[in-house]
Amino acid sequence: MTRTTPTPSGVLAANRVLPIVAGVAALLILLPVVALALRAPWRDAAGLLTSPGVLDAAKLSLIVSTGAAVLSLLIGFPVAWTLARVEFPGRSVLRTVVLMPMVLPPIVGGVALLAAFGRNGLLGGVLASVGISLPFTTAGAVVAVTFVSCPFMILSLESGLNGLDRRFERAAETLGAGGWTVIRRIVLPALAPALRAGIALTWARALGEFGATVAFAGSHPHQTRTLPLAIYDALSTDLDAAVMLGLLLVAISLAVLLVLGGRMLTR
Amino acid sequence: MSLDASILARRGSFTLQAEFALEPGTLAVAVGPNGSGKSTLAEALAGLLPIESGRVVLNGRTLDDGRQHLPACARRVGFMFQDLLLFAHMSALDNAAFGPRSTGVPRGEARRRGRHWLDRLGVGDLADRKPGGLSGGQAQRVALARALATEPELLILDEPLSALDARTRAETRRLLVGVLADFPGVKLVITHDPVEAMALGERLLVFESGRLVQQGTPDEIRRRPRADYAASLVGVNLFRGTLEAGDGRVFVVLDSGGRLSIPGDGLRPGEAVFATIHPHSVILSIEKPSTSARNALHGVVSGTDAIDGRVRVHLDAGPVRITAEITPNAAAELDIKPGSRLWASFKATDIGVYPR
């Protein structure tokens, strides 16, 4: 077999130039985080971080983002399976619809949720008649955050499903396994890396969600004021607190990325 | 208790056509070159490829009739894949217990069955290993145990020995023969290796370009091959022709052109026949042979193979292609190389003739 190799000098030149750009990019990303750390009132850190408002917001953030990650998983797997495995005419339409929240400005998503599920929204009456009211509740915050972060789960699972060697599923079928057994015992274990990546991405996106939450669920202490909302609130009143909260978010996000996204980082 | 199959199956532009019946207890081997349709056959039987028309009936149960396709999980057809496809996240035992477990057998009983088959195949001590920690031969045994633990009515082994090195292969073949002898259902081995097919099979299904071209016992196929691949399987020259009488002699006029002189007892002129000549009955010489009783063809050497200490010489003699088997010494004396011009001669009495 013959192969055309690019001239070595061309490759070497690109290999010298592009890493420089990559290095500059990494510095530009790192700079604001470092600035944040330098600006932080470390002396008051303990007091700021243990104030009731901060602890509340942190707890709420963990609840909302974890709830959104779980909900995204429950919705995301069926959607990803349908996109990856079922052939039907509207497949690209479905993909466009479920990925739309990714490109939609989050605040628009929040307003749209309000129009649909708000008290005077399209389905607000129906929900109220069965005793459900989403806006300005923690459940509402979970819905808003899920709306924005679920596409990350769907994308991750769909690419995971497309990467599976389906012969193993066929082997399981010849051993007598029906569809659900194949999914439970063959597909899900094989999908573990994609599941981990999906959860990490979804959870991280959920943790930082601001626009949709503030529009749909408002910023109520103990109910919907998650860390990002608390930061926004603090920006106008107590900049030191805002910076400390910001660093707290950075730390949590990095931890998630390192714990769950290990495979993504090292591949 | 039997398998009845009449299959028309399509995959892309490839079409498979085959009609055959297999009895339990008999080890059947489907053999053919790559792309001949034997893997497509295996998938159609296992329910991994729906057939277009025909029927597959196993012990009275219709598995497929071209309209209703019983899913693979309900067929009771065991399948050992060429690439084994052991589940990497499960131990050998969990792999072996997967089949029973999937069909509703309680966990403890499923594991007991899995362990029984691992023991039977001599890999019981590896029950806790993951497939990644098994050698090729060990993985092969676990895969076979996994297929057998489902207690299938039809067992298909796709290229069971081809992935193994020579030493493991001989050992695994012995084990395979022993285990298969005890297996009560219908059993079908898929292979591209003619030697393996002749050695293992009690009944052969010979495939060529999507067709089942011949079936029978190895002995039947050895004595009367009816297809080019079957002939190469048993290593004989196969010709197609029509009987003709003239000058007080009998000839086979070959479809490809040319004619062979044969002994003329009890044959009817005009009949379409096969003619076979074993390569070791073909004599090569540089000068034209003088004895008139011989058939003689003048041709060009197109290639040579070394097989078991003998040399096979392929000769293009105009429309006829013929293979001769000679000793390395003879090959050296004749100075044989591609392009050499030689005479190939053989006695009329060395030609086997039988109806098409």
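In the predicted model, Arg240(B) and Asp228(B) are joined by a salt bridge in which the closest N and O atoms are 3.1 Å apart. One salt bridge is found by the rule across the interface of domain 1 of chain B and domain 2 of chain B, and six residue pairs are in polar contact across that interface, with both residues at pLDDT 80 or more. On the side of domain 1 of chain B that touches domain 2 of chain B, the greatest contribution is made by helix α8 (residues 228–234) of chain B, which gives three residues. By class, the residues on this side of domain 1 of chain B comprise three nonpolar, one polar and four charged.

The two parts of chain B are defined by a domain assignment that places domain 1 at 3–232 and domain 2 at 235–355. The contact draws eight residues from domain 1 of chain B and nine residues from domain 2 of chain B, while the C-alpha centres of the two domains lie 39 Å apart. About 720 Å² is buried between domain 1 of chain B and domain 2 of chain B, and carbon and sulfur atoms account for 48% of this area.

In chain A, the domain assignment gives domain 1 as 8–39 and domain 2 as 49–266, and the centres of these domains, taken over C-alpha atoms, are separated by 31 Å. Contact between them involves four residues of domain 1 of chain A and six residues of domain 2 of chain A. The area buried between domain 1 of chain A and domain 2 of chain A amounts to about 430 Å², with 75% given by carbon and sulfur atoms. Within domain 1 of chain A, the residues that lose the most area to domain 2 of chain A are Val33(A), Leu36(A) and Arg39(A), which together make up 91% of what that side buries.

Arg39(A) also takes part in a salt bridge with Asp240(A), for which the closest N and O atoms are 3.3 Å apart; the rule finds one salt bridge across the interface of domain 1 of chain A and domain 2 of chain A. The count of residue pairs in polar contact between these domains, with both residues at pLDDT 80 or more, is one. The side of domain 1 of chain A that touches domain 2 of chain A is made up, by class, of three nonpolar, no polar and one charged residues.

Between the chains, the contact takes 15 residues from chain A and 21 residues from chain B. Chain A and chain B together bury about 1,700 Å², of which 65% lies on carbon and sulfur atoms. Of the area that chain A buries against chain B, 41% is supplied by Thr174(A), Leu175(A) and Arg185(A), more than by any other three residues.

Two salt bridges are counted between chain A and chain B; Arg170(A) forms a salt bridge with Glu43(B), with the closest N and O atoms 3.5 Å apart. Four residue pairs are in polar contact across the interface of chain A and chain B, both residues being at pLDDT 80 or more. On the side of chain A that touches chain B, the elements giving two or more residues are α8 (167–174) and α9 (179–190) of chain A, and α8(A) gives the most, with seven residues. Seven nonpolar, four polar and four charged residues form the side of chain A that touches chain B.

Terms used:
Residues are numbered from 1 along each chain as its sequence is written. Chains are lettered from A and ligands numbered from 1 in the order in which they are written. This is a predicted model: local features need pLDDT of at least 70, side-chain atom pairs count only at pLDDT 80 or more; totals for chains, interfaces and linings use all residues. Side-chain values use heavy atoms; hydrogens and water are left out. Domain bounds come from an automatic or database domain assignment. Contact means heavy atoms within 4.5 Å. Buried area is the accessible area (1.4 Å probe) that two parts lose on being put together, summed over both. A salt bridge is a side-chain nitrogen of Lys or Arg within 4 Å of a carboxyl oxygen of Asp or Glu. A polar contact is a pair of N or O atoms within 3.5 Å; within protein, one must be able to donate a hydrogen and the other to accept it, and residues adjacent in sequence count only if both atoms are side-chain atoms. Helices (H or I, at least four residues) and strands (E, at least two) are DSSP runs, numbered from the N terminus. Ala, Val, Leu, Ile, Met, Phe, Trp, Tyr, Cys and Pro count as nonpolar, Asp, Glu, Lys and Arg as charged, and the others, Gly among them, as polar.
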